[in-house]
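Work through these exercises with the model open beside you. Try each task before reading its solution.

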Amino acid sequence: MLLPKTFYPRQALVEQYDSTNLKLVSLVNRFRSLQDPTGRIFTNINLAQSLLEEIKPIVRAICYQLNLTNFSEAFKADVQQWQTQGLNTTPDFSQSQVAYTPPNDGSITFFIGVFIATNGSDPKGYFLDCFFAQREEPQECQEVYRQFPHPKNSCQSCCLLLGSLGISTGNCIVFFPENILTKKKVIAQNFALFFFNKFQPIYLSQTLPRVQHLFGKNDWISGQLSPTECYIARCIWGYLHDYFHHCGSRPLDTNLQVKLNWFAGLLEEIKVDCQTAITAYTENIPFGREIFEFILFERMFRYPSQPDATTNFDAGSGMFLFEWLFQHKTITTNAIGHLQIDLEVCLVTMQDLIDQIESLEKEVDNHNYLCKAKYFIRTLLPAGELGQRFSIPETFSRIIKILPQ
């Protein structure tokens, strides 16, 4: 098995891949430039048809090499169906979604289809994309797996090796079944790929500068890890995060449709983040303090910086968590306006928030549960204007008023 890789720009990977893989990426990038955010072709349909005819045999050859024959046939069927109904219509990649199987540890995986890159670069929406990745489960994770046995672990820690623009650029580090454009709703997750080698460059270039600006210091240990150490820490965080998704009275896997509701889903993410952070900090987890910092700073200071913050799920959860910690005096400001945080007090305050959310989840009636979830969210995230999920809370707007971009 190869060591975890730092995330290089696509151009630096040319020497690692043959011309077939690179040609596919180039063709996909050309094709996606003809799509609108719904996945439809909005211009030059003849060129789009021609590109698909070039793409199909390359996908077949790659899948043959990687022993992904079933996926190759499913992709071919989805593309042919789309071509038959017209490329100016919304595609359906249901067969590709069903046929895709995640990689074993150490194996290379490949996917191509129309999907949305969560927190990816603009424009946001559904586009044809492809990627090659290698599953890398660090040895340091094994003890965590034994300490917190996952009832239904369907997550894969991966290194992104090569991808088209939607997945290789921007901040997307996840790939779920529900990301793929299909006509049927996803009712269960049978895979969850995380491209954790993308994380450190994002954290060091975007999150940590904001933290240093707000707190006026630069001695956070989460910024001092090597690329390999950071990859291991991020894998542990990812595993624990998903572990807690499957705990409690309303586990995500059996309540997926309910928790796709914006308000319930937002509380789910906050709860799981807090549970993961507390566990990492208090349970002798490798890189526990670093993981604690990762979770707090990513959630509160990077996610809310999204340009579409008032409609962005992760941004909303980050602002809610900040408001909770600030109102409970876990985060304060000093005489010169810098933020201060007491991490020991933070553990208690976050546990109080977990307890509040878990008490809501004991409501067995889905309608009542969703109403309660919305009411609780609105205590800290006020309603927004038309087209917005919420408006930025006054405290967050006032305290986090200037963030480096």
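A cavity is a set of grid points where a 1.4 Å probe fits but cannot get out. Keep in mind that this is a predicted model.

**Exercise 1. Describe the largest cavity: its volume, its lining and the strands that contribute.**

Step 1. Count the cavities. There are three cavities of 30 Å³ or more.

Step 2. Take the volume. The largest cavity holds about 80 Å³ of space.

Step 3. List the lining. It runs through Arg 32, Phe 115, Ile 116, Ala 117, Gly 120, Ser 121, Pro 123, Lys 124, Gly 125, Phe 127, Asp 129 and Gly 166.

Step 4. Assign strands. β1 (108-116) and β2 (126-135) each supply at least two residues of this lining.

Step 5. Sort by class. The lining has five nonpolar, four polar and three charged residues.

**Exercise 2. Describe the largest pocket and find the helix that gives the most to its lining.**

Step 1. Take the volume. About 1,600 Å³ of space lies in the largest pocket.

Step 2. Find the centre. The pocket is lined by 50 residues, and the closest to its centre are Thr 118, Phe 176, Asn 179, Phe 313 and Asp 314.

Step 3. Collect the helices. At least two lining residues come from each of α7 (199-215), α8 (227-245), α9 (256-259), α10 (262-282), α11 and α12.

Step 4. Pick the top contributor. α8 gives the most, with six residues.

Step 5. Sort by class. The lining divides into 20 nonpolar, 14 polar and 16 charged residues.

**Exercise 3. Classify the packing of α11 against α12.**

Step 1. Locate the helices. α11 covers residues 288-302 and α12 covers residues 313-327.

Step 2. Read the geometry. The helices pack at an angle of about 110°, with axes 7 Å apart.

Step 3. Apply the cut-off. Angles of 65 to 115 degrees count as roughly perpendicular. α11 and α12 are therefore roughly perpendicular to each other.

Step 4. Name the contacts. Leu 296, Arg 299, Met 300 and Phe 301 in α11 meet Asp 314, Ser 317, Gly 318, Leu 321, Phe 322 and Leu 325 in α12.

Step 5. Sort by class. This contact has six nonpolar, two polar and two charged residues.

**Exercise 4. Classify the packing of α13 against α14.**

Step 1. α13 (residues 343-361) and α14 (residues 366-378) pack at about 155°, and their axes are 9 Å apart.

Step 2. That angle makes α13 roughly antiparallel to α14.

Step 3. On the α13 side, the contact uses Leu 353, Gln 356, Ile 357, Leu 360 and Glu 361. On the α14 side, it uses Tyr 369, Lys 372, Ala 373 and Phe 376.

Step 4. Six of these contact residues are nonpolar, one is polar and two are charged.

**Exercise 5. Is Gly 316 buried or exposed, and what does Gly 316 touch?**

Step 1. Gly 316 lies in helix α12.

Step 2. Check accessibility. Buried means under 20% relative accessible area. Gly 316 has 0%, so Gly 316 is buried.

Step 3. List the neighbours. Leaving out residues up to four places away in sequence, Gly 316 touches Leu 266, Ala 309, Leu 381 and Phe 390.

Notes. Residues are numbered from 1 along each chain as its sequence is written. This is a predicted model: local features need pLDDT of at least 70, side-chain atom pairs count only at pLDDT 80 or more; totals for chains, interfaces and linings use all residues. Side-chain values use heavy atoms; hydrogens and water are left out. Axes are lines fitted to C-alpha atoms, for helices over the stretch in contact, and angles run from 0 to 180 degrees between N-to-C directions. Helices (H or I, at least four residues) and strands (E, at least two) are DSSP runs, numbered from the N terminus. Angles under 35 degrees count as roughly parallel, over 145 as roughly antiparallel, 65 to 115 as roughly perpendicular and the rest as oblique. Contact means heavy atoms within 4.5 Å. Ala, Val, Leu, Ile, Met, Phe, Trp, Tyr, Cys and Pro count as nonpolar, Asp, Glu, Lys and Arg as charged, and the others, Gly among them, as polar. Buried means under 20% relative accessible area, exposed over 50%, partly exposed in between (1.4 Å probe, protein chains only). On a 1 Å grid over the protein atoms alone, a cavity is a set of points where a 1.4 Å probe fits but cannot get out, and a pocket is an open set with protein on both sides within 12 Å along at least five of seven lines; lining residues have an atom within 4 Å of a point. Grid points are joined across faces, edges and corners, and a volume is the space filled by probe spheres set on the points.
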